[in-house]
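Please look over the sequence and the model below.

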Amino acid sequence: MSEYSEFFLNSSSSVVQLELLEISHPNFTKTYRIVRNAVNGVTVTLEDASVETFDYYPLRITGTETRENLDFSLRIDLGDLGEVLPPELDAVSSAGGFETKPIVKYRTYRSDDLNAPLFGPLVLEVKSFSFNREGSTFEAKAPSLNVNKTGELYKIDRFPMLRGFL
């Protein structure tokens, strides 16, 4: 049985699934490490064996599709009241860095085992931001890897030996 199945089928009711986000961009002043459901924050061991602290921010994470689907995305409502993301996006704008999209890494951990992720990291790109009086909303989707053409077209005018014999 996988560790993920073990968590849902055999764990105690006092053990919760912690949802963690890591939001980064080369022009941000820092990498934001956020936990959704641990008010005092949490210190975890990442998959590369580094130890990082994730701070609590009020947020809502809504997943679309299933995690196994290539169209999977997360809608994240961050209750930052304009204190976190707007200044960072201003820094990106002044540096001319909008060609590079911000990256969101999504992980889940068991509250009783912070030594390895239960799920993740799932690396997503932020496609758009919107702001209102309650905070910031953004959607993070899987990177579009098949947008550019790759390979070489084999046409008769470039490769005449492809023409069949009559």
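The notes below go through the structure topic by topic.

This is a predicted model, in which local features need pLDDT of at least 70, side-chain atom pairs count only at pLDDT 80 or more, and totals for chains, interfaces and linings use all residues. Residues are numbered from 1 along each chain as its sequence is written, and side-chain values use heavy atoms, with hydrogens and water left out.

- Seven of the eight residues of strand 1 are buried, so the strand is largely enclosed by the rest of the structure. Buried means under 20% relative accessible area, exposed means over 50%, and partly exposed lies in between (1.4 Å probe, protein chains only).
- Helices (H or I, at least four residues) and strands (E, at least two) are DSSP runs, numbered from the N terminus.
- Strand 1 runs antiparallel to strand 7, and eight bridges join them. Two strands pair if DSSP finds at least two bridges between them.
- Leu20 stands opposite Arg107 in strand 7.
- Strand 1 also pairs with strand 2, in the antiparallel sense, over four bridges. Leu21 has Ile34 of strand 2 as its bridge partner.
- In a regular strand the side chains alternate between the two faces of the sheet.

**Salt bridges**

- The whole structure holds nine salt bridges. Each is a side-chain nitrogen of Lys or Arg within 4 Å of a carboxyl oxygen of Asp or Glu.
- One of them joins the side chains of Arg36 and Glu19, at 2.4 Å from N to O. Arg36 lies in the loop between strand 2 (32–35) and strand 3 (42–45) and Glu19 in strand 1 (residues 17–24), so this pair ties together parts that are 17 residues apart in sequence.
- The two ends of that bridge can be set side by side. Arg36 is partly exposed, with 29% relative accessible area, whereas Glu19 is buried at 13%.
- Glu22 and Arg107 form another salt bridge, with the closest N and O atoms 2.9 Å apart. This pair links distant parts of the chain: Glu22 is in strand 1 and Arg107 is in strand 7 (residues 103–110), 85 residues apart.
- Both Glu22 and Arg107 are buried.
- Glu22 and Arg107 also belong to a network of salt bridges, together with Arg33, Glu47 and Glu52.
- Arg75 and Asp77 meet through their side chains in a salt bridge of 3.1 Å, N to O. Arg75 is partly exposed at 40% relative accessible area, while Asp77 is buried at 10%.

**Around Thr137**

- Thr137 lies in strand 9 (residues 135–141). Its relative accessibility is 12%, so Thr137 counts as buried.
- A polar contact of 2.9 Å joins the side chain of Thr137 to that of Asp77. A polar contact is a pair of N or O atoms within 3.5 Å; within protein, one must be able to donate a hydrogen and the other to accept it, and residues adjacent in sequence count only if both atoms are side-chain atoms.
- Beyond its neighbours within four places in sequence, Thr137 is in contact with Arg75, Ile76, Asp77, Ser128, Phe129 and Ser130. Contact means heavy atoms within 4.5 Å.

**Aromatic pairs**

- A search of the whole structure finds four aromatic pairs. Rings of Phe, Tyr and Trp (its six-membered ring) pair if their centres lie within 6.5 Å; planes under 30 degrees apart count as stacked, over 60 as edge-to-face and the rest as tilted.
- Phe28 and Tyr32 have ring centres 6.3 Å apart and planes at 75°, so the pair is edge-to-face. Both residues, Phe28 and Tyr32, are buried.
- Phe129 and Phe138 have ring centres 5.4 Å apart and planes at 50°, so this pair is tilted.
- Phe129 is partly exposed at 24% relative accessible area, but Phe138 is buried at 2% relative accessibility.
- Phe129, Phe131 and Phe138 form one aromatic cluster.

- Gly120 and Pro121 are joined by a cis peptide bond, with omega about 10°. Pro121 sits in strand 8 (residues 119–132).
- Ala49 has a positive phi, near 75°, in a residue other than glycine. Ala49 is in the loop between strand 3 and strand 4 (51–56), and counts as exposed at 60% relative accessibility.
- Pro87 is in helix 2 (residues 85–95), and is partly exposed at 41% relative accessibility.
- The C-alpha atoms of Pro87 and Thr29 are separated by 9.4 Å, with the two residues 58 apart along the chain.
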